[in-house]
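Please work through each task with the sequence and the model at hand before reading its solution.

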Amino acid sequence: MKRTFDVCMAALGLVLTAPLLAIISVLIKLDSRGPVIFRQVRVGQGFRQFAIQKFRTMVVDTPGTSLPLTVGQDPRITRAGWILRKFKLDELPQLLNVLAGDMSFVGPRPEVPRYVERLRSEFSEVLTVRPGITDLASLRYIDEAALLAYSSNPEEDYLRKVLPEKLRLAKLYIRHMSLRLDLAIIMQTLLHIVRLPVAVFTLPELKAAVESPLASPWASLSSFVMRWRKPIITVLDVVLIILANYFAFALRYDGNIPASEIHIFEQTVLALVAIRGVAFALFGLNEGLWRYTSIWDLQNIIGGVLSSTIIFYGWVHWVMGIHGYPRSIFAIDSVLLIGFLAGVRLSARLLRDKPIFQKKRKVLIVGAGDSGERVVRELKTRTVFNCQPIGFVDDNAGLLNQRIHGVRVLGTVQDLPKLVEGLKPEVVVVAVPNAAPEFLRDLVIKLEPYNISIKTLPAKEELLADQSTVSQIRNVSIPDLLSRAPIDLNNEATSRMVKGKCVLITGAGGSIGSELARQITLFEPKVLLLYERHENSLYSIHKELDDRGLAFPIVPLIGDITDAQRLCAVLEQYKPQILFHAAAHKHVPLVELNPLEAVKNNCIGTRVTAEAASLYGVEQFVHISTDKAVNPSSVMGATKRVAELIIQDIARTSRTRFLLVRFGNVLGSSGSVLLRFQEQIRAGGPVTVTHPEIRRYFMLIPEAVQLVLQAATIGEQGHVYILNMGEQIKVLDMARSLIRLSGLVPGKDVPIRFVGLRPGEKLYEELVGEGEVAVASPLDKILQIRTTNQPDFEEFREKLSALEAASYRDEASVLLERLKEIVPMFQTCVSASESSTVPTGSL
């Protein structure tokens with residue numbers, strides 16, 4: 001088809017331009033001596049050389065004519081040559097090259113052999129097609145000579161900057177090559193030549209590299225039109241009013257209007273123009289910008305025409321007394337005028353919004369409900385999004401093959417892989433607000449083999465009614481895949497608890513501690529004390545909060561929770577009323593290798609902090625625990641279980657209200673598997689997963705902190721609270737989803753490798769341990785843990801003393817034995833003999 005188009009158009013072009021070619025030939029001969037046609041060897045399709053033909057625009061036998069490039073105001077260019085180059089008329093003889101089969105109308109511009117040899121590997125892809133008279137590079141570098149005029153070494157800059165960009169654009173053209181694209185390039189080239197500022201392209205690569213130093217005459221015309229827009233519109237409307245009325249008479253009398261009716265037309269047309277003119281002014285028809293014509297403008301056109309028609313009817317019959325005026329003329333005239341007025345206004349918008357070629361991203365929409373309808377409507381009417389909806393997917397079988405704004409419902413979610421294979425969309429938009437995480441996970445898995453972007457709408461409560469639906473579309477993220485909706489913070493209860501109080505946070509520089517600090521500042525405490533032993537993390541959170549200019553002091557305190565003297569000094573000086581204990585060693589493998597430090601920090605530190613809080617009259621003490629404290633298999637879990645028992649023991653006799661909060665893995669915290677996966681994906685893999693069946697509860701940092709604050713408002717003395725976190729998620733599924741959401745294909749772009757369970761690691765986590773039951777709490781999604789078998793706290797204190805003694809004596813093996821005595825459930829999840837059977841390998 002392309003070759004047929006080239007031959008037909010080249011032959012037609014030579015015939016139509018024959019007189020012009022003759023005139024140009026004469027001018028060239030008169031202007032300077034030498035041949036009319038300039039021939040030069042260029043490299044064509046398949047590296048075959050041919051002689052390109054142009055009208056000669058330079059003088060012959062002049063020093064410097066061997067230079068390969070024309071730069072700026074080149075003195076070699078003849079007077080006729082300047083005109084020919086300005087309007088690209090020197091390229092017309094290349095129509096003969098097109099007929100001969102050496103060239104095409106549109107294709108990569110042919111280069112001289114020595115440039116091709118320098119970049120032969122790059123040209124191997126470009127020269128798979130015929131070179132062309134014009135292409136994307138011709139539009140990008142519409143005035144190449146002006147660009148190179150500023151260079152001290154034009155040829156070097158051409159080879160280093162311009163030619164690589166031309167090759168990139170040539171490859172871009174080859175990827176999207178079509179007859180429609182060729183037509184668009186040809187038209188855009190013609191528009192560029194005459195400097196008409198109309199775009200038939202939306203590709204960003206078409207912006208000229210150098211703007212013409214001369215003002216376009218079309219720019220002056222456009223400025224004139226905008227300045228006198230209202231008078232011009234008024235004159236045009238008057239012409240359309242007269243034409244519509246005349247054509248109404250012509251249609252009424254089948255084109256043969258009687259003389260008497262012509263006389264009636266002449267009698268009444270001025271009154272008609274005056275009445276319609278006033279009505280149009282009242283309806284604002286001469287004020288709207290035509291490129292934004294909409295239904296609102298059509299309503300005004302109809303209103304203006306109908307109201308003026310009614311008034312004109314009364315004027316003709318009761319004022320002018322012309323009772324022979326055909327009544328059908330009023331109806332025909334109104335219909336024609338509405339069509340004329342709407343047509344001329346819509347034409348401006350159609351020319352603006354409907355370019356000949358527009359490379360759009362193909363979008364497949366999941367969900368054919370109200371949200372899906374809004375997405376399609378905006379994508380089709382707002383070209384700024386540069387997207388083309390190609391179909392809906394919806395599980396409602398009744399919608400199959402139905403159309404919404406012309407877009408068909410193609411199938412169900414189960415059909416997605418087949419549809420993606422056939423239609424090859426670049427984006428899938430989940431237009432289902434509040435889509436279930438299980439649904440999104442299943443969708444991600446289905447689309448895993450394809451290099452496709454997955455996006456979603458925010459939840460209904462996050463959608464802003466006064467904003468574009470499409471502008472709120474975002475990438476699907478890992479939190480969207482969690483099997484549990486985030487809880488809502490009871491702001492009123494939390495505000496009553498915190499406002500005007502002195503609040504102390506231990507471990508304030510950690511992931512949970514710092515988020516606690518951020519959220520607590522929203523409720524205006526009297527003083528916020530940040531207690532942390534790591535100065536860098538303490539500095540970071542203090543600086544972040546201090547930069548907000550809060551009305552209350554934020555006090556950074558460097559200190560260790562195992563340092564009783566320092567801790568007591570702080571409590572005595574500031575007298576905090578609420579204490580959130582977030583300081584702990586939480587990294588399972590590191591704690592497994594350092595059990596002595598784990599006991600010192602997680603057990604002794606908790607005891608010191610809790611005893612000091614009780615001694616100095618802290619009103620509320622919230623201890624942050626973990627699901628790994630339930631039937632622990634790691635040193636970290638066992639020490640956190642001991643910490644829970646310490647809190648429950650002290651709570652029995654203290655006036656301070658102690659309570660505990662357990663939650664699962666926190667996404668995005670330091671040491672989080674999510675951050676580790678992201679680092680591995682950025683490095684190109686492999687992503688390491690310990691076991692294909694390992695499962696975990698997951699939650700977000702803000703979500704974990706909300707739970708802590710909720711528990712602080714309703715918690716009872718010594719009780720444990722947990723979040724109802726739904727089902728556990730396979731870590732392997734999370735790894736695959738994260739790779740997929742990074743725009744990569746798991747196992748292909750990024751490998752997944754199984755490394756075996758780490759010391760102290762279980763295949764799954766638990767929220768309720770032996771001797772515990774979960775019951776409902778006053779708050780939704782939060783459960784309260786009740787103990788069925790109360791421990792013997794007298795015996796516990798003795799064992800705790802032995803544990804602490806082993807820690808002080810640095811006796812690791814003894815310490816582990818003492819730890820197992822306190823927590824009988826503590827045992828490694830994989831024995832030495834079992835560890836050899838843990839699956840390893842790659843995915």
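**Exercise 1.** Determine how the axes of helix 1 and helix 2 are placed relative to each other, and which residues make the contact.

*Solution.* The axes of helix 1 (residues 2-16) and helix 2 (residues 18-31) come within 4 Å of each other and cross at roughly 60 degrees, where axes are lines fitted to C-alpha atoms, for helices over the stretch in contact, and angles run from 0 to 180 degrees between N-to-C directions. Helices and strands here are DSSP runs numbered from the N terminus (helices H or I, at least four residues; strands E, at least two). Angles under 35 degrees count as roughly parallel, over 145 as roughly antiparallel, 65 to 115 as roughly perpendicular and the rest as oblique, and helix 1 and helix 2 are therefore oblique to each other. With contact meaning heavy atoms within 4.5 Å, Leu14, Val15 and Leu16 of helix 1 meet Ala18, Pro19 and Leu21 of helix 2. By class, this contact of helix 1 with helix 2 has six nonpolar, no polar and no charged residues, given that Ala, Val, Leu, Ile, Met, Phe, Trp, Tyr, Cys and Pro count as nonpolar, Asp, Glu, Lys and Arg as charged, and the others, Gly among them, as polar.

The model is predicted, so local features need pLDDT of at least 70 and side-chain atom pairs count only at pLDDT 80 or more, whereas totals for chains, interfaces and linings use all residues. Residues are numbered from 1 along each chain as its sequence is written, and side-chain values use heavy atoms, with hydrogens and water left out.

**Exercise 2.** Describe the packing of helix 20 with helix 21, then that of helix 26 with helix 28.

*Solution.* Helix 20 (residues 511-520) and helix 21 (residues 535-546) pack at an angle of about 15 degrees with their axes 11 Å apart, and are therefore roughly parallel to each other. Ser514, Ala517 and Arg518 of helix 20 and Ile541, Glu544 and Leu545 of helix 21 make the contact, which has three nonpolar, one polar and two charged residues.

The axes of helix 26 (residues 673-682) and helix 28 (residues 731-741) come within 10 Å and cross at roughly 45 degrees, and these two helices are therefore oblique to each other. Val673, Leu674, Phe677, Gln678 and Ile681 in helix 26 meet Val731, Ala735, Leu738 and Ile739 in helix 28; these residues divide into eight nonpolar, one polar and no charged.

**Exercise 3.** Is helix 27 largely enclosed by the rest of the structure or largely open?

*Solution.* Helix 27 (residues 701-714) has 14 residues. Taking buried as under 20% relative accessible area, exposed as over 50% and partly exposed as in between (1.4 Å probe, protein chains only), 11 of the 14 residues of helix 27 are buried, so this helix is largely enclosed by the rest of the structure. Among the buried residues are Ile701, Glu703 and Gln706. For the protein chain, buried residues make up 50% of the 843 residues.

Note on methods:
Expected span 1.5 Å × (residues − 1).
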